[in-house]
Amino acid sequence: QVQLVESGGGLVQAGGSLRLSCAASGSILSINAMGWYRQAPGKQRELVANITSEGIINYADIVKGRFTNSRENAKNLVYLQMNSLKPEDTAVYYCEFGGMDYWGKGTLVTVSS
């Protein structure tokens, strides 16, 4: 089993920044893919960004140039630096591990206009 704990969400004004963190713990034997999804009220969960086990980073088009995904392999940590936030970025952000094998409980990001 793998446990994921997200942190760093909160309320920010449009144009501001937030940094999300996700710590993975448990039965982790090797470097796995990890990533971020988000779900806004009334919408489906969608990919924000992920990092493959080989370190390849993918971004959703809607966040390219504004969000940066990174990781510390030795600590099983991933980060999502979010800049130039927009009201439409408001959502619960979820961390996932191992290609969506495990999920965190989510952290709420609210961007006010």
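Predicted model: local features only at pLDDT ≥ 70, side-chain atom pairs only at ≥ 80, totals over all residues.
Four strands form an open sheet in the order 1-3-8-7, and their pairing is antiparallel. Strand 1 (2-7) and strand 7 (67-72) are the edge strands, each pairing on one side only. From one strand to the next, the twist averages 15 degrees. Within this sheet, strand 3 (residues 18-26) and strand 8 (residues 77-82) run antiparallel and are joined by 6 bridges. Cys 22 has Val 78, in strand 8, standing opposite.

**Salt bridges**

The structure holds 5 salt bridges.

| Salt bridge | N to O distance |
|---|---|
| Asp 89 and Arg 38 | 2.9 Å |
| Lys 64 and Asp 61 | 3.1 Å |
| Lys 75 and Glu 72 | 3.6 Å |

In the salt bridge between Asp 89 and Arg 38, the closest N and O atoms are 2.9 Å apart. Asp 89 belongs to the loop between strand 8 and strand 9, whereas Arg 38 belongs to strand 4 (residues 34-39), so this pair ties together parts that are 51 residues apart in sequence. Asp 89 has a relative accessible area of 0% and is buried. Arg 38 is likewise buried, and its relative accessible area is 5%. A network of salt bridges links Arg 38, Glu 46, Arg 66 and Asp 89.

The other two tabulated pairs have the following accessibilities. Lys 64 and Asp 61 are both exposed. Lys 75 is exposed, with a relative accessible area of 55%. Its partner in the salt bridge, Glu 72, is partly exposed at 30% relative accessibility.

**The surroundings of Asp 89**

Asp 89 also takes part in a polar contact, in which its side chain reaches the backbone nitrogen of Lys 86 at 2.8 Å. Apart from neighbours within four places in sequence, the residues in contact with Asp 89 are Arg 38, Arg 66, Phe 67, Ser 84, Val 109 and Val 111. Two of these, Arg 38 and Arg 66, are also named with Asp 89 in the network of salt bridges. The buried state of Asp 89 follows from its accessibility, because 0% falls under the 20% limit.

**Glu 96, a buried residue without a salt bridge**

Glu 96 is part of strand 9 (residues 91-97). Glu 96 is buried but has no salt bridge. The nearest side chain of opposite charge is that of Arg 71, at a distance of 8.7 Å. Glu 96 is not counted as bridged to Arg 71, because a salt bridge requires the nitrogen and the carboxyl oxygen to lie within 4 Å.

The side chain of Glu 96 does reach a backbone atom, namely the nitrogen of Gly 99, at 3.3 Å. Leaving out residues up to four places away in sequence, Glu 96 touches Leu 4, Ala 33, Met 34, Gly 35, Tyr 37, Asn 50, Tyr 102 and Trp 103.

Asp 89 is buried and lies in the loop between strand 8 and strand 9, while Glu 96 is buried and lies in strand 9. Asp 89 forms a salt bridge with Arg 38, whereas Glu 96 has none. For each residue the side chain reaches a backbone nitrogen: that of Lys 86 for Asp 89, and that of Gly 99 for Glu 96.

Note on methods:
Residues numbered from 1 in each chain as written. Heavy atoms only, no water. Helix = DSSP H or I, 4+ residues; strand = E, 2+ residues; numbered from the N terminus. Buried < 20%, exposed > 50% of the residue type's maximum accessible area, 1.4 Å probe, protein only. Lys, Arg positive; Asp, Glu negative; His and termini not counted. Polar contact = N/O pair within 3.5 Å; in protein donor to acceptor, adjacent residues only side chain to side chain. Contact = heavy atoms within 4.5 Å. Pairing = 2+ DSSP bridges. Axes fitted to C-alpha atoms, helices over the stretch in contact; angles between N-to-C directions.
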